[in-house]
Amino acid sequence: YRNAEEINAAVMACYNGIHGTLNNEFFLTEVRSDNTRHEGQGSTTGTSLEIANLDLFKVEPSNTINNAYWEKAYHNIANCNTVLGHSQVVTNVTLREQYDAEARFIRAYHYFNLVRLFGPTFLVTEEISIAESLKKDRSSVQATYAQIIDDLKRSVTDLQDITYSSNDLGRATVLAAKSLLAKVYLTLGRYEDAKPLLSDVVTAKGETLNVKYADVFDTTKEMNDDIIFTVRYKSGSLGIGSPFANTFAPQNSGANVITGSGDGKNYPTKEISAAYSKEDLRKDVSMADSYYDKSKDVEAQVAYVKKFLSEVSIRYDAENDWPVIRYADVLLMYAEVLNEVDGPSAGLKYLNLVRERAGLSKIESDAVTTRNVFRTYLEKERRLELAFENQRWFDLLRWDKAIEVINKHIQETEWDFYAGYTQQINKLKDYQLILPIPQSVIDNNPGVITQNPNY
């Protein structure tokens with residue numbers, strides 16, 4: 001790396017590298033939650049069995065979907081470390097700090113996901129050799145969070161006065177760094193630390209949601225005011241199109257839903273479909289319960305995710321961006337923090353902002369008299385507002401509700417589906433809240449690295 005232009009190209013590789021993890025992230029988050037499920041109980045193909053094992057919490061260390069996520073995350077962390085290791089060639093100090101801040105933001109984003117999904121991580125913050133990597137053991141959850149917080153604090157500082165031209169929309173901003181750092185604090189139960197960060201974002205954005213819910217995901221209105229950080233895609237056979245329109249469309253649906261048919265790998269559950277009230281404007285944007293089969297002149301009763309659906313010319317080449325942090329998410333986080341710190345009346349205004357955009361009535365203060373009642377309203381609102389955006393599983397984890405909710409989901413709410421599996425289905429246990437690290441990682445250095453418990 002010799003100059004700013006080449007470091008900028010390396011930073012762009014970090015943004016593009018997020019595509020690799022997103023390809024499999026919904027399997028590890030949405031499919032493992034009560035939002036979606038795997039359809040093919042009877043399939044014996046390798047990939048289908050691996051998806052089913054994720055859905056049923058029977059993940060093995062050899063699971064290729066699980067392992068691909070791990071590998072892609074660490075590959076992109078290495079990209080970020082490359083930027084940080086060579087950015088000194090950028091002579092403009094402000095520009096160098098911006099590039100470093102972007103790399104730190106993306107690195108923190110990956111580590112935040114890794115630590116929640118896998119527990120202790122290999123904490124790598126600089127370029128290392130293969131020989132060095134083979135001597136490295138995992139760092140604690142606490143050490144990983146300390147690094148995430150440090151990266152994001154530095155990003156907040158160095159992005160403070162950075163603005164972008166229209167050609168650079170999608171790069172990390174100070175509001176994105178503050179929002180992500182607030183979510184980290186929220187995950188750790190550090191509400192007092194999250195509160196001023198969220199307040200800053202709300203002050204900067206204004207206490208209003210001025211983008212219609214449908215417009216948030218409209219490919220003609222990308223980078224709208226609800227988007228704080230999104231992973232960008234571009235159609236047109238450039239190799240950076242979004243695969244999710246086809247991935248989520250129903251299997252064997254032909255051209256009835258999208259050109260090239262669908263893979264049906266993320267089916268909404270009956271429960272989330274029923275969770276939307278008739279007045280809720282979000283359901284039709286987020287999912288459908290059926291599609292019209294022109295060739296048979298029937299309504300096929302197959303639910304599918306619509307939120308990332310747009311017209312494509314070729315398969316897996318859609319325009320849809322993938323939102324990581326939206327302003328509605330920030331408002332709901334702020335409502336949650338205010339409830340925990342100051343009580344339900346303080347957070348109600350921000351919860352209602354999200355509800356009213358969805359076409360729902362305001363919740364009156366006399367209906368929310370305790371923090372616990374407020375939590376019930378908020379948890380449902382987060383589920384419906386952020387449905388299919390890879391947020392639900394992480395929310396269940398930090399609320400300490402994953403075991404309760406998933407056991408009910410599998411053994412009660414959706415039991416008519418899960419009963420179709422021939423394998424025994426056991427209740428979810430604590431150790432299954434994190435995934436196994438890939439067996440190949442242990443095989444590379446069995447003397448140093450140990451597997452997560454019970455895998």
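Modeller: Buried means under 20% relative accessible area, exposed means over 50%, and partly exposed lies in between, with a 1.4 Å probe and protein chains only. This is a predicted model, in which local features need pLDDT of at least 70 and side-chain atom pairs count only at pLDDT 80 or more, while totals for chains, interfaces and linings use all residues. Residues are numbered from 1 along each chain as its sequence is written, and side-chain values use heavy atoms, with hydrogens and water left out.

Colleague: Which side chain does R383 meet in a salt bridge?

Modeller: Side chains of opposite charge can pair when their charged atoms come close. A salt bridge is a side-chain nitrogen of Lys or Arg within 4 Å of a carboxyl oxygen of Asp or Glu. Here R383 pairs with E271, at 3.5 Å from N to O. E271 lies in helix α11 (residues 270-275) and R383 in helix α15 (residues 371-385), so the pair ties together parts that are 112 residues apart in sequence. Helices are DSSP runs of H or I with at least four residues, numbered from the N terminus. E271 counts as partly exposed because its relative accessibility is 24%.

Colleague: How many salt bridges does the rule give?

Modeller: The count is 39. One of them joins E39 and R37 at 2.6 Å, N to O; R37, at 12% relative accessibility, counts as buried, whereas E39, at 30%, counts as partly exposed. Another links K283 with D289 at 2.8 Å, N to O. With 35% relative accessibility, D289 counts as partly exposed. Salt bridges with shared partners also connect D226, D280, R282, K307, R326, R355, R357, E381, E385 and E389 in one network.

Colleague: How is the length of a helix such as α4 to be judged?

Modeller: The expected span is 1.5 Å times one less than the number of residues. Helix α4 (residues 93-118) has 26 residues and reaches 36 Å between its first and last C-alpha, close to the expected 38 Å. Of these residues, 21 are buried, so α4 is largely enclosed by the rest of the structure. Just after α4, G119 adopts a positive phi of about 80°.

Colleague: Is α7 mostly covered or mostly open?

Modeller: α7 is mostly covered, with twelve of its 14 residues buried; among them are V174, K178 and Y185. G189 follows α7 with a positive phi near 75°.

Technical notes. Helix = DSSP H or I, 4+ residues; strand = E, 2+ residues; numbered from the N terminus.
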